[in-house]
Structures are given as C-alpha cells and as structure tokens.
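Visitor: I have a structure to look at and would like to be walked through it. Please show it first.

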Amino acid sequence: DDQHCFAGTYYAWGLAVFDTTTGQTIWMRSDLRRFYGLSFSASQNSLFGFFDGKSALRINPQTGETLESFRGVKDVSASPFSDAVLFGDGKRFTLRHADGSKIWSVPRESFAVLDVGWSPDTVAISEVANTQPDGSRAGIRCYSKHGELLWRYKGRKTHVTPIMYK
C-alpha cells in the first residue's frame, strides 16, 4: 500500500513498521531478534519473518501480533499474486495455500537460498550453485504453480541474485 515500511534487524531493536510519509513508528516488537528475512502476503494480509535459519512467524501487519509459528523453517517467500507461500526447511521447499494445504514439494539442493522470483504462474528459486564437485546441482530452478520443473540453470561457481520477472 506504499504506506508502511517493515524492518527486521539481526542484533538491534527487533521488528518494526514505519509510516512511509512521516517516518513515525507504528509498532515495534523488540522481543524478536536475528531476522534473516521478511516477506509480505497481501492476499493473506500477513507478514512472514524468518529467523536465524530455525523458525518463522506469521505476523499481523497492523498490530505486530504473532498469528502462527513455524519450527524448522529456514526461508519463507510469499507470492505477490496469490495466497501461495514457499517454505524452505533444511531438506525441502514446500508451496502451501493460506489454509496450510500443500500445493507441491521439491528437494532442496543446497544450504542457502539466494532469492525467489514470482510470476502469476511460476516460481523461480535461486540456490547457492555448485554444492556438488561435478557442478550438477543448485543454481536456479523454475517451477509451474503445480510443481512441474519448467527449466533450470546451473552456473559454474555462480551465485545468482537477485532474480525477478518482467
């Protein structure tokens, strides 16, 4: 809505939302630390925050209240086009609807996600490349909204970030 800016810090003051026109703090959660990332789902009216590669929260963006907790979650990326949210743990990526139902799941291929790009019908996941000596894994994979692998790019010693669609 261009009226709110969410900021999560690793060591400092936690999570806060600011009014973009005045800079005033709307709310702050100093009890939350070690953010690795934030992702906003407009269709779910939820802010997802993930921490230190171990857990994630779904947060009410108006109040800062925790709505749901997720254990073992390393990465979260919400689609800007639907209610779908991509959750990554240490072994898999799972795409879920807002009600928690699984759309699809695929194995993770490296220890780190570099970026996630969304279109209305696809999601592209960029992971650390060449985690295998033969360079056979990771890079970028693009999936349909149904979980079909559409294409993959395996760069040699390449970290591809950011990724986005036009």
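Visitor: In what order do the 4 strands of the open sheet stand?

Guide: This is a predicted model, in which local features need pLDDT of at least 70 and side-chain atom pairs count only at pLDDT 80 or more, while totals for chains, interfaces and linings use all residues. Residues are numbered from 1 along each chain as its sequence is written, and side-chain values use heavy atoms, with hydrogens and water left out. Strands here are DSSP runs (E, at least two residues), numbered from the N terminus, and two strands pair if DSSP finds at least two bridges between them. The pairing is antiparallel, and the order is β12-β13-β14-β15.

Visitor: Why is one side of β12 and of β15 left without a neighbour in the sheet?

Guide: Strands of a sheet pair through backbone hydrogen bonds, either parallel or antiparallel. β12 (113–118) and β15 (149–153) stand at the edges of this sheet. One side of each is left without a neighbour because each has a single partner strand.

Visitor: How many bridges join β13 to β14?

Guide: β13 covers residues 122–127 and runs antiparallel to β14. Within β13 and β14, Ala124 stands opposite Cys142. The number of bridges joining β13 to β14 is 6.

Visitor: Which residue of β15 is the bridge partner of Ile140?

Guide: β14 (residues 139–144) and β15 pair in the antiparallel sense over 4 bridges. Arg141 has Arg152 as its bridge partner in β15. For Ile140, the partner in β15 is Tyr153.

Visitor: Which residue in the turn between β14 and β15 has a positive phi?

Guide: β14 and β15 form a hairpin with 4 residues between them. The phi in question is about 100 degrees, and the residue is Gly147.

Visitor: Is Ser39 buried or exposed?

Guide: Ser39 lies in strand β4 (residues 35–41). Buried means under 20% relative accessible area, exposed over 50%, and partly exposed in between, with a 1.4 Å probe and protein chains only. Ser39 has 10% relative accessibility, so Ser39 counts as buried.

Visitor: Which residue's backbone nitrogen does the side chain of Ser39 reach at 2.7 Å?

Guide: Not counting residues up to four places away in sequence, Ser39 touches Ser46, Leu47, Phe48, Val76, Ser77 and Ala78, where contact means heavy atoms within 4.5 Å. The backbone nitrogen reached at 2.7 Å belongs to Ala78.

Visitor: What is the relative accessible area of Gly72?

Guide: Gly72 sits in the loop between β7 (66–71) and β8 (75–78). Among the residues Gly72 touches are Lys54 and Asp89. Gly72 is partly exposed, with a relative accessible area of 40%.

Technical notes:
Polar contact = N/O pair within 3.5 Å; in protein donor to acceptor, adjacent residues only side chain to side chain.
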